[in-house]
Amino acid sequence: MTLADLVRLRRARDLIDREYAKPLDVPALARVALMSPGHFSRSFRTAYGETPYSYLMTRRIERAKALLRRGDLSVTDVCFEVGCTSLGSFSTRFTELVGESPSTYRARPHDEGAAIPACVAKIHTRPVRNGEARPAARP
């Protein structure tokens with residue numbers, strides 16, 4: 001992979017970071033990176049260790065966690081606020097990455113991080129990919 005490829009991939013990743021709540025698909029991101037969709041997907045995965053869709057969903061869940069911690073929006077409102085169109089898919093992905101459902105996450109106290117600056121809290125609350133979230137205890 002060339003330096004020019006990495007620069008173009010970064011442009012697409014920056015777009016995901018900024019526009020996560022808008023409808024984004026691989027062809028649109030590939031156009032930003034000046035690549036074919038197939039080449040873009042393969043190159044993105046090689047460069048960042050996950051597919052463009054997985055990266056987008058991680059950003060959406062990351063933002064959803066922040067909105068749920070605030071507590072003033074319903075889970076459904078948060079789902080649509082972060083750009084998801086299906087509450088079921090949102091809840092499934094949230095649970096997969098965070099290890100608990102959005103409702104459970106929203107309901108529990110989040111006071112322990114209240115005094116931590118948002119830029120630091122973001123690092124410690126970032127959703128973890130690849131099943132690293134601890135499975136919820138079964139009754």
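The largest nonpolar core of the predicted model has 30 residues; a nonpolar core is a set of buried Ala, Val, Leu, Ile, Met, Phe, Trp, Tyr and Cys residues joined through side-chain atoms within 4.5 Å. Here, buried means under 20% relative accessible area, exposed means over 50%, and partly exposed covers the range in between, with a 1.4 Å probe and protein chains only. The residues with the most contacts inside this core are I16, F40, V78, V82, F90 and F94. Two or more residues each are given to the core by α1 (3–19), α2 (26–32), α3 (37–48), α4 (52–70), α5 (75–81) and α6 (87–98). The most is given by α4, with 7 residues. Helices (H or I, at least four residues) and strands (E, at least two) are DSSP runs, numbered from the N terminus.

This is a predicted model, in which local features need pLDDT of at least 70 and side-chain atom pairs count only at pLDDT 80 or more, whereas totals for chains, interfaces and linings use all residues. Residues are numbered from 1 along each chain as its sequence is written, and side-chain values use heavy atoms, with hydrogens and water left out.

F94 lies in helix α6 and counts as buried because its relative accessibility is 0%. Not counting residues up to four places away in sequence, F94 touches I61, A64, K65, L68, G99, E100, S101, P102 and Y105, where contact means heavy atoms within 4.5 Å. F94 and I61 are 33 residues apart along the chain, yet their C-alpha atoms are separated by 6.1 Å. V78, with neighbours within four places in sequence left aside, is in contact with A64, L67, L68, L73 and F90.

Two packed helices are described by the angle between their axes and the distance between the axes. Axes are lines fitted to C-alpha atoms, for helices over the stretch in contact, and angles run from 0 to 180 degrees between N-to-C directions. Angles under 35 degrees count as roughly parallel, over 145 as roughly antiparallel, 65 to 115 as roughly perpendicular and the rest as oblique.

The axes of α1 and α3 come within 10 Å and cross at roughly 90 degrees; the two helices are therefore roughly perpendicular to each other. On the α1 side, this contact is made by D5, L6, L9, R10, A12, R13 and I16, and on the α3 side by H39, F40, S43, F44, A47 and Y48. By class, these residues comprise 8 nonpolar, 2 polar and 3 charged. Ala, Val, Leu, Ile, Met, Phe, Trp, Tyr, Cys and Pro count as nonpolar, Asp, Glu, Lys and Arg as charged, and the others, Gly among them, as polar.

For α1 and α4, the axes come within 9 Å and cross at roughly 30 degrees, which makes α1 roughly parallel to α4. In this pair, R13, I16 and D17 of α1 meet P52, Y55, L56 and R59 of α4. The contact of α1 with α4 has 4 nonpolar, no polar and 3 charged residues.

The loop between α2 and α3 holds L34. This residue has a positive phi of about 55 degrees, although it is not a glycine. L34 counts as exposed because its relative accessibility is 63%.

Buried residues make up 38% of the 139 residues. Among contacts between residues at least 6 apart in sequence, 62% join residues at least 24 apart.
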